[in-house]
Amino acid sequence: MINQNFLKLQSSYLFSDIAKKVKAFKAEHPEKNVISLGIGDVTQPLPQACIEAMHKAVDEMASSATFRGYGPEQGYDFLREAIVKNDYKPRGVQLDLDEVFISDGAKSDCGNIGDILDTRCSVGVTDPVYPVYVDSNVMSGRAGVFADGKWSNITFLPVSADNHFVPALPQEHIDIIYLCYPNNPTGTVLTRQQLSAWVEYALREKSLIMYDAAYEAYIQHDDIPHTIYEIPGAKQCAIELRSYSKTAGFTGVRCGYTVVPKDLKVPNPNGEGEVLLNALWNRRQCTKFNGTSYITQRAAEAIYTPEGKAQVRQTVGYYMNNANFMRQELIKLGYEVFGGTDAPYIWLKTPEGITSWAFFDKLLHELGLVTTPGVGFGPSGEGYVRLTAFGKKEDCEEAMKRFATL
Ligand code: PLP
């Protein structure tokens, strides 16, 4: 017998449909230089500090005196210390080392965290949404029944220009709420006040917030919280996911971390005391995960050195210059654009009456530009396309020249 929940998964043809259309277009027009603003992957190399740290770690592996085998499942203390000291302390957040779990990236933890939660929990996500939140809950049997384009146990919270991309607090009780800020795909952020409203809701409703801060490094404005734990009470209701993928080009290296505060407690169902989510996650990781490689963790540690910080700033700055430039150009051309100020994504409103896919096709066929149709991330993404700033500066410039000819 198989886990039949997998059969309930709705196939997403988004990226394969895009790839097919792009392939067909290139075959018809081999002379055209097609520019991709669609990819969610970085293009700049790793910071030099990380490269040097990795070389050094490889050399350590070459000698029996410094060789390392299995590491701690939770991650090495040198990296956990660097995280607590650099990512949290300056923001007024005190964390113990054992509240930080090093991972091989945010996607795995985001999908796996459900192991420690009851499959009867109800789920809330924004629409449009990073699809992993939904599909991982379908796999574990938490999503319920799929009918009329909706899951019976998942509440979709629409975000669009109409509500300024701020999801309304649900009228009903939801057990697990996924929030992603800066947001993929819309590139929008929540202010401290807006995020506080969610923390208050979660504390009142005894809900758990899964806070995905994979794009934290792109925040430019001082009033935008970098971590949910800047909000009082968040340690009692939120788990935070972080990733070095977009921060430091680790999409292929694989490293991130998850914070599970020890203040996250639930009454023990057997009536005796309380259960710490931190202890459950620790147990889960020790059983199913054998740690991120030593070499990778040394590379991640190097992000926090003065050189590493400067190099990360430079690369993030490069992508954000792309984002700012494209935003300005598109606004000049009369488009309505969102995001792109604290995130590497621009969410572009399609011209009146043109669907996401129709505008995608137009941009591909008339300009040779690849974008991502917003509707692929959820029904409320209809009428938008996503542009990423992860490409080369020259390509972004050329893309905007082409937009001007439309
Ligand atoms: N969370 C969001 C919102 C993302 O967009 C991504 C990757 O695109 C991830 C998590 C996964 O990141 P990682 O590479 O750390 O697995």
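Me: What does the side chain of Tyr215 have 2.7 Å from an N or O atom?
Reply: An oxygen atom of the ligand. I'd call that a polar contact, a pair of N or O atoms within 3.5 Å. Keep in mind that this is a predicted model, where local features need pLDDT of at least 70, side-chain atom pairs count only at pLDDT 80 or more, and totals for chains, interfaces and linings use all residues. Residues are numbered from 1 along each chain as its sequence is written, and side-chain values use heavy atoms, with hydrogens and water left out.

Me: And how far is a ligand oxygen from the side chain of Ser243?
Reply: An N or O atom in the Ser243 side chain is 2.6 Å from an oxygen atom of the ligand.

Me: What about Ala106, backbone or side chain?
Reply: Backbone: a polar backbone atom of Ala106 lies 2.7 Å from a ligand oxygen.

Me: Which helices supply at least two residues each to the shell?
Reply: α5 (106-112) and α8 (245-248); helices here are DSSP runs of H or I, at least four residues, and strands are runs of E, at least two, numbered from the N terminus.

Me: Changing topic: where's Val266?
Reply: Val266 is in strand β11, residues 265-267.

Me: Why does Val266 count as partly exposed?
Reply: Because its relative accessibility is 37%; buried means under 20%, exposed over 50%, and partly exposed is in between, with a 1.4 Å probe and protein chains only.

Note on methods:
A polar contact is a pair of N or O atoms within 3.5 Å; within protein, one must be able to donate a hydrogen and the other to accept it, and residues adjacent in sequence count only if both atoms are side-chain atoms.
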